[in-house]
Amino acid sequence: MTLVTPAHKAASLGNSGESLAAPPPRSGEEAWPGPCGTHPLHWEPGLRLDASGAVRGAAARARWGRDSCGTPGPARFRGKGAALPGGAAMLRALRRRWASYRYRFVPWIALHLRHKRRTIRYVPEKSKDKIISDEDVLETLLKIFKALFINNFSRQMDFLALLPEIKSEYLKLLTIQYKRSKTTGYNHQSQNIFNPEEVLFNTLGFSITRDRSSLISAGTGVFVTKGFVPKGAVVSMYPGTVYQKYEPIFFQSIGNPFIFRCIDGVLIDGNDKGISKAVYRSCSKRDQLGPFQMSDITWLTPAVQNPLAVGQYVNNCSHNKAANVCYQEFDVPEYFPIELKQYLPNITYSHDMLIPLRCVVLVALREIKQGEELFSNYYTIVN
Ligand SMILES: C[S@@+](CC[C@H](N)C(=O)[O-])C[C@H]1O[C@@H](n2cnc3c(N)ncnc32)[C@H](O)[C@@H]1O
């Protein structure tokens, strides 16, 4: 078996059965009290192990070493230990170290994987990782991106002036929408355009948004706010800078729980803050061709223009909250319409024209109703 365990090693295991009685993280911390009861547990989606237990790629190894419950506990716990007599304090410290280290100790992981199947996603073989076809993903993306494009038609005039051949196609779409919306009182001549969430609802029948997670101390999560998501539908996208496995990500990865690891080792940094944000913006500006933006940068701001681009905030499933979505990789084909690239929430770190842009979408594993939070599985095993 090629043991490829994407994502949250420590987190999934801790989540699926260990006692989690521990102080909640301080506000603003992306941490979850680990089973050891003192250490905050950090993890990130998409990391994978191979059969030898090695996390593939140096950058990934670096993150594994730092983030998975390896951080020292709050000072008050360290203080208590220090007050004990020498031997006892040392034992206590050793126990604490083991409690945090064991999530990186391959035999321990292997032993516990067997007992904790519930929060692990098993994929029989690499080729079966995708649960819907690339054509279906493409069709959904084109549908929603076209709807967003015509929703804000007046803003697209620069594009259309340079691409007169596509203008008539969009004018036709606009007319269809106008006729359909006449009954609802919508007037495309006026500035009364829909907001992106409404466009999503009108086009795909649901809308999603970020809100406080239903899980204690899990920070922000993503919820279906209106309508419902049918099984097998693309429900979200994982935005971020795309790094090939040989590209440097060390500094961006420090304390960053938003790095997603694809099956082939490609990394997507979905952090909307700090150095990750600066890198994304910079790459995005680099690739802009006159008025043609090759990617969406609004997911870095509170006013998103692609409402699907919040997938990096989807939390990990747990014992009580089973996964209702799963990640699926999608390479943007060469023929993807240039005018719609402005909605793609990913950009390659290096300007390499030969590699297709990697996107990751989240696909519904079952029908998801209004008000439900999305949960993915950070931890996958590929045979
Ligand atoms: C990719 S981020 C998800 C967004 C995150 N909730 C936030 O507010 O930034 C991963 C982090 O979310 C938190 N998290 C995800 N799933 C969790 C769960 N089931 N229980 C507790 N915390 C969770 C952990 O802090 C983890 O490091």
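## Burial and overall make-up

Buried residues account for 40% of the 383 residues in the protein, and this figure, like the others in this report, comes from a predicted model. The protein contains eleven helices and 15 strands. Among contacts between residues at least 6 apart in sequence, 74% join residues that are at least 24 apart.

## The largest nonpolar core

In soluble globular proteins, nonpolar side chains tend to be buried together. Here the largest nonpolar core has 59 residues, and those with the most contacts inside it are Val235, Val325, Val360, Val361, Leu362, Val363 and Leu374. Helix α6, which covers residues 134-151, gives the most to this core, contributing seven residues.

Val361 is one of the residues named for the most contacts inside the core. Leaving aside residues up to four places away in sequence, Val361 touches Val137, Val234, Ser236, Met237, Gln328 and Phe330.

Strands of a sheet pair through backbone hydrogen bonds, either parallel or antiparallel.

Strand β11, made of residues 325-331, is mostly covered, since six of its seven residues are buried. Seven bridges join β11 to strand β13 (residues 358-364), and the two run antiparallel. Along this pairing, Glu329 stands opposite Val360 in β13, while the bridge partner of Phe330 in β13 is Cys359.

## The four-stranded sheet

Another open sheet is formed by four strands in the order β8-β9-β7-β12, and its pairing is mixed. Its edge strands are β8 (259-261) and β12 (346-348), each pairing on one side only. From one strand to the next, the twist averages 25°.

Within this sheet, strand β7 (residues 240-243) is joined to β12 by three bridges, and these two strands run parallel. Gly240 stands opposite Asn346 in β12.

## Helix α11 and its buried side

Helix α11 has 14 residues (residues 274-287), which at 1.5 Å a residue should span 20 Å; its end C-alpha atoms are 21 Å apart, in agreement with that expectation. Which residues of α11 are buried? They are Ser276, Val279, Tyr280 and Cys283. Because these residues cover an arc of only 95° around the axis, they lie on the same side of α11.

The buried residues of α11 pack against β7, β9 (267-269) and β12, and also against α10 (250-253). Strands β7, β9 and β12 belong to the four-stranded sheet with the order β8-β9-β7-β12, so that the description of this helix leads back to that sheet through its packing partners.

## A positive phi at Ser217

Most residues other than glycine have a negative phi, and most peptide bonds are trans. Ser217, by contrast, has a phi near 55°, a positive value in a residue other than glycine. Ser217 is placed in the loop between β4 (206-212) and β5 (220-227).

Is Ser217 buried or partly exposed? Ser217 counts as partly exposed because it has 18 C-beta neighbours inside 10 Å, whereas a buried residue needs 20 or more and an exposed one has 12 or fewer.

Note on methods. Residues numbered from 1 in each chain as written. Predicted model: local features only at pLDDT ≥ 70, side-chain atom pairs only at ≥ 80, totals over all residues. Pairing = 2+ DSSP bridges. Axes fitted to C-alpha atoms, helices over the stretch in contact; angles between N-to-C directions. Contact = placed C-beta atoms within 7 Å. Core = buried A, V, L, I, M, F, W, Y, C linked by C-beta atoms within 7 Å. Expected span 1.5 Å × (residues − 1). Arc of directions from axis to C-beta.
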